[in-house]
Amino acid sequence: MKLGAAGRIEKPLLWLVITALSAAIFVADTVTDLEIAFAVLYVAVVLISVRTARPGAVMLVGAVCAVLTVVSYLLTRFGDPESGLANCGLSLLAIGATTYMALRIEAANIAARQAQAELAHMSRVMLVGELGTSIAHEVSQPLAAIAANGSAAIRWLGASPPNDGEARLALERIVEAAGRAGDVVGRVRNLAARTPSSQGPVDMAELVQETLALAQGEIRSSQIALRTELADDVPMVAGDRVQLQQVILNLVVNAIDAIKAGRADERDLLVSLSTDGEKITLSVRDSGVGLAPGSSDKVFDAFYSTKPGGMGVGLAISRSIVEAHGGAVYAAPNYPNGAVFGFTLPIREAKD
Ligand SMILES: Nc1ncnc2c1ncn2[C@@H]1O[C@H](COP(=O)(O)OP(=O)(O)OP(=O)(O)O)[C@@H](O)[C@H]1O
Ligand SMILES: [Mg+2]
């Protein structure tokens, strides 16, 4: 089992490398002559610090490297002080420029991740618009037919003598129109699921890590402690990578919302992935506000939302996607507080 936070399993190791490398450069720079500009190698340390994905950390590493360069210069006993000073200046310039560039790269990375998350949200908003138009358009015809045939039936029955034959025909047309309206609703549900356009093999563990990276900014700024438990024997599943990513993102975003609305002292999020050989199970467990009493069968309904700005479509779409993949969704209370949402997917042969 691999444990870690959002794909940053290697974080303590990263800091160990940064510290060890800085220390080695510091010692080498101090014991060698002033003419040898070992301090330039701090540039590598700054570049490695970009992997922490935290601008604050990059800035700290840059500053520490600069201080170490100056301290080395002051401590070095051998060599020509003038070239030593020039080397020290050049090294500081290199460290400064690299830190600046590294920060620019990280800012661009953050912007890219945010844009991706916004895109996922946008596609949902567009889908709702699409659904609304399509429902209104397609249901209006059978509804008009029902109304017209209803009035006709009333007229035929009210005539003297009542025309049972015509009334019966009108009623049959009503039943038929109602059936058509039902079909429309069924088709709209399929549209929401957008039947998997690809049946390619999807590495769910990788997809979880990637999706959590999208939500990373929000998780960090909400001070949520994220843990992942991804079993390493989970096989590939057949499905649409983009749709499955949307489901995971919906569950994670809901969990973040629930945690933000919950107790400030408990902010835990656990995303786990496991398999029993027949299906895979993905679950998102949070310590947030929890499910409203009696709502566990309503939460997946379209337009059910308890949030001020919520549309109530995230879970409805997620359910359609998962069911279109032959799986099932579930929601349950978490103990001692919060909720656990998740889904199962069958393990099948993947076709490209
Ligand atoms: N992790 C959770 N903890 C507690 N309640 C939840 C959780 N996830 C969902 N819910 C409940 O289910 C409702 C429906 O969720 P859903 O994602 O469908 O819509 P939403 O989040 O309100 O809005 P949006 O359409 O923007 O996603 C939520 O409003 C909330 O009441
Ligand atoms: Mg939601």
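The following dialogue explains how to read several computed features of this predicted model.

User: Which conventions apply to the model?

Analyst: This is a predicted model, in which local features need pLDDT of at least 70, side-chain atom pairs count only at pLDDT 80 or more, and totals for chains, interfaces and linings use all residues. Residues are numbered from 1 along each chain as its sequence is written, chains are lettered from A and ligands numbered from 1 in the order in which they are written, and side-chain values use heavy atoms, with hydrogens and water left out.

User: How many helices and strands are there in the protein?

Analyst: Helices (H or I, at least four residues) and strands (E, at least two) are DSSP runs, numbered from the N terminus. The protein has eight helices and eight strands.

User: What share of the residues counts as buried?

Analyst: Buried means under 20% relative accessible area, exposed over 50%, and partly exposed in between (1.4 Å probe, protein chains only). Of 352 residues, 39% are buried.

User: Why is helix α8 described as largely enclosed by the rest of the structure?

Analyst: Helix α8 (residues 314–324) is largely enclosed because eight of its 11 residues are buried. Among them are L315, I317, I321 and V322. After α8 comes G326, with a positive phi near 80 degrees.

User: Which residues lie nearest the centre of the largest cavity?

Analyst: They are D29, L34, Y73, G84 and C88, from a lining of 14 residues. Helix α4 (81–158) gives the most to this lining, with four residues.

User: Where is T32, and what does T32 touch?

Analyst: T32 sits in the loop between α1 (11–31) and α2 (42–49). At 18% relative accessibility, T32 counts as buried. Leaving aside residues up to four places away in sequence, T32 is in contact (heavy atoms within 4.5 Å) with F38 and T76. A polar atom of the T32 side chain lies 2.6 Å from the backbone oxygen of A28.

Conventions:
On a 1 Å grid over the protein atoms alone, a cavity is a set of points where a 1.4 Å probe fits but cannot get out, and a pocket is an open set with protein on both sides within 12 Å along at least five of seven lines; lining residues have an atom within 4 Å of a point. A polar contact is a pair of N or O atoms within 3.5 Å; within protein, one must be able to donate a hydrogen and the other to accept it, and residues adjacent in sequence count only if both atoms are side-chain atoms.
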